Amino acid sequence: MFEREKIHEIEKSKKEWEEKKLERTLSRFPERKKEFVTSYEDEIERLYTPLDIENLDYIKDLGFPGEYPFTRGVQPTMYRGKLWTMRQYAGFGSAEESNKRYKYLLEQGQTGLSIAFDLPTQIGFDSDDPMSEGEVGKVGVAIDSLKDMEILFDGIPLDKVSVSMTINSTAMILLAMLMAIAKKQGVPYEKLRGTIQNDILKEYIARGTYIFPPKESMKLIVDIFDYGSKNLPKFNLISISGYHIREAGANAVQEIAFTLADGIAYVEAAIKAGLDPNEFGRNLSFFFNAHNNFLEEVAKFRAARKLWAKIMKERFGVTDEKAMKLKFHTQTAGSTLTAQQPLNNIIRVTIQALAAVMGGTQSLHTNSYDEALGLPTEQSVTVALRTQQIIAHEMGVSETVDPLAGSFAVEKLTSDIEEKAQKYLEKIDEIGGMVKAIEAGYPQKEILNSAYKTQKRIENKEQIIVGVNEYNSDKKEKIDILKVDEKQEEKQIEKLKNLKKQRDNAKVEKSLNRLKKAAINEENLFPYVIECVENYSTVGEITNILKEVYGEYRESTTI
Ligand SMILES: CC(C)(COP(=O)(O)OP(=O)(O)OC[C@H]1O[C@@H](n2cnc3c(N)ncnc32)[C@H](O)[C@@H]1OP(=O)(O)O)[C@@H](O)C(=O)NCCC(=O)NCCSC(=O)CCC(=O)O
């Protein structure tokens, strides 16, 4: 970036500054802490200068937005052309209640939907299953069959609103339901926009909603890539997620490294099954966490984009630029929210969201200030959405593409994070890939280690959390907490009973049998699941059929 001569001149001036100014200041006025560190325990320099980025090659390392290696963003105009999608993760209780919340959010200017499902739906149990007791409609909406999805999307036009669904082991079933709704609304599959999370590897690492063993889970994902890339060209068939990895305690480098390593595992599995990464590569998307250290976070997003582009191009020989672009959703860090002084969370969320925007996110969820206490109320979620709208329309940050580029600190952090994540990727290659690494408990151990160190820093007050280990107060802030209808579970079970009476049960049985045969014969299961769903088979019935063929995964002690 800089001529040799200039570098020497800066080196000389810096030395002079250190000897004349800095040392004198330090001797009179020492710094607040002995060392300042990043989340990955690198020392943060007091001052970054061109000397820190002297090897940066503008064209090779940064380039222009919309061009390889996409460090500066995936679109040439970024938010000048279109703002990021404002997509609040929401859903609770029944399909009726959630539908009301989605309509409210859309009326308030939200630009996409993000569906939260309850735990039974996520792990393939119907609401009347004894395993579901006490969990129906709790952390998300309860969906048993297409009947519930019809209510959930009532009056929501799928040709206008893109829908993200946080669903993993039962992703194929819920996507088939969304497609059935599109069909009923007259929206052709080619026009259906949205995302399914469908990222099972991070479930084994960090989140826990797996059902089947890894091999069978990967097969289902490849089936979705295969069918989806041909029939749903506008749909993101996976959202490879670092969010939960970070929430489990990973640092910024680990978040990026383990997420991209998961990405590599999916691409390898799909290529092994004969798919073309130039095709399914366009339907991949990512999901990251926006944590507290603003500069580090901006750098993290930029580094991730560059690394993925290189992986797709150099490792997998991809030639289509669209398949090299790392497009991502961001959620502000849930784990940084405090139950104490909850209104402080608004400030945390704002700054984290700003990092996501400065880092070039395509879609954003801003946490509500009450999320450490319960599900968001209408008021708290509105403040969260307004936070995005204020950043978008009032702060001027969406008007310049990648505005922090060229900052000595941000560029240095970007290349450091890239380099350190690359080292992790090499280590995972040595182990034999991410599936093997997870089986050996490698990422889990690394994450645990980081989480432990962070906890220690907080306990020692090396890391201050306002309102928790410093500046605490005995005064309780009064805020409203959302109450979920206690009768909700009973009502949902009643609905399910009625469905089973009304539907054509012979058809259900026939399609479930066809699915079982296809699973035994290792065919692509997607068309069979579509048939089951359209006949109103339930999430539990379909999952049980697959359990009969695939078995269930139980976490072993090595993980
Ligand atoms: C790719 C993303 C990230 C975003 O997709 P979107 O469709 O919203 O946005 P987009 O890609 O920017 O825009 C859509 C179209 O506009 C185009 N476009 C955008 N900006 C443009 C510009 N400046 N110039 C020209 N075109 C542009 C894009 O190319 C694309 O068109 P083309 O398609 O024609 O190119 C997707 O995957 C997504 O929305 N993900 C959300 C995931 C999510 O909500 N997850 C919740 C997890 S919640 C969770 O897990 C909680 C915790 C827990 O439960 O454990």
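**Ground rules.** I number residues from 1 along each chain as its sequence is written, and I keep to heavy atoms for side-chain values, with hydrogens and water left out. Since the model is predicted, I require pLDDT of at least 70 for local features and count side-chain atom pairs only at pLDDT 80 or more, while totals for chains, interfaces and linings use all residues.

**Entry 1, E297.** I looked up E297 and found its place in helix α12, residues 294–315; helices are DSSP runs of H or I with at least four residues, strands are runs of E with at least two, and both are numbered from the N terminus. E297 counts as buried because its relative accessibility is 0%, where buried means under 20% relative accessible area, exposed over 50% and partly exposed in between, with a 1.4 Å probe and protein chains only. Its side chain makes a polar contact of 2.7 Å with the side chain of K300; such a contact is a pair of N or O atoms within 3.5 Å, and within protein one must be able to donate a hydrogen and the other to accept it, while residues adjacent in sequence count only if both atoms are side-chain atoms. Beyond its neighbours within four places in sequence, E297 is in contact (heavy atoms within 4.5 Å) with R246, A252, N289, A290, H291 and A355.

I then turned to the packing of α12 with helix α13, residues 344–358, and noted an angle of about 30° with the axes 8 Å apart. The axes are lines fitted to C-alpha atoms, for helices over the stretch in contact, and the angles run from 0 to 180 degrees between N-to-C directions. The crossing of these two helices, α12 and α13, is right-handed, the near helix being turned clockwise from the far one by less than a right angle. On the α12 side I listed F294, E297, V298 and F301, which meet I351, L354, A355, A356 and M358 in α13. The residues of this contact divide into eight nonpolar, no polar and one charged, with Ala, Val, Leu, Ile, Met, Phe, Trp, Tyr, Cys and Pro counted as nonpolar, Asp, Glu, Lys and Arg as charged, and the others, Gly among them, as polar.

Helix α10 (residues 252–272) and helix α15 (residues 408–431) pack at about 45°, with their axes 9 Å apart. I therefore recorded α10 as oblique to α15, since angles under 35 degrees count as roughly parallel, over 145 as roughly antiparallel, 65 to 115 as roughly perpendicular and the rest as oblique. The crossing of α10 and α15 is right-handed. Among the residues that meet here are F258 and L260 in α10 and K420 and Y424 in α15. I sorted the residues of this contact into twelve nonpolar, one polar and one charged.

I found L364 in strand β10, residues 363–365, and it counts as buried because its relative accessibility is 0%. Leaving aside neighbours within four places in sequence, L364 has contacts that include W84, M86, H329, V357 and Q388.

K516 has its place in helix α19 and counts as partly exposed because its relative accessibility is 27%. K516 and V549 are 33 residues apart in sequence and 7.2 Å apart in space, C-alpha to C-alpha.
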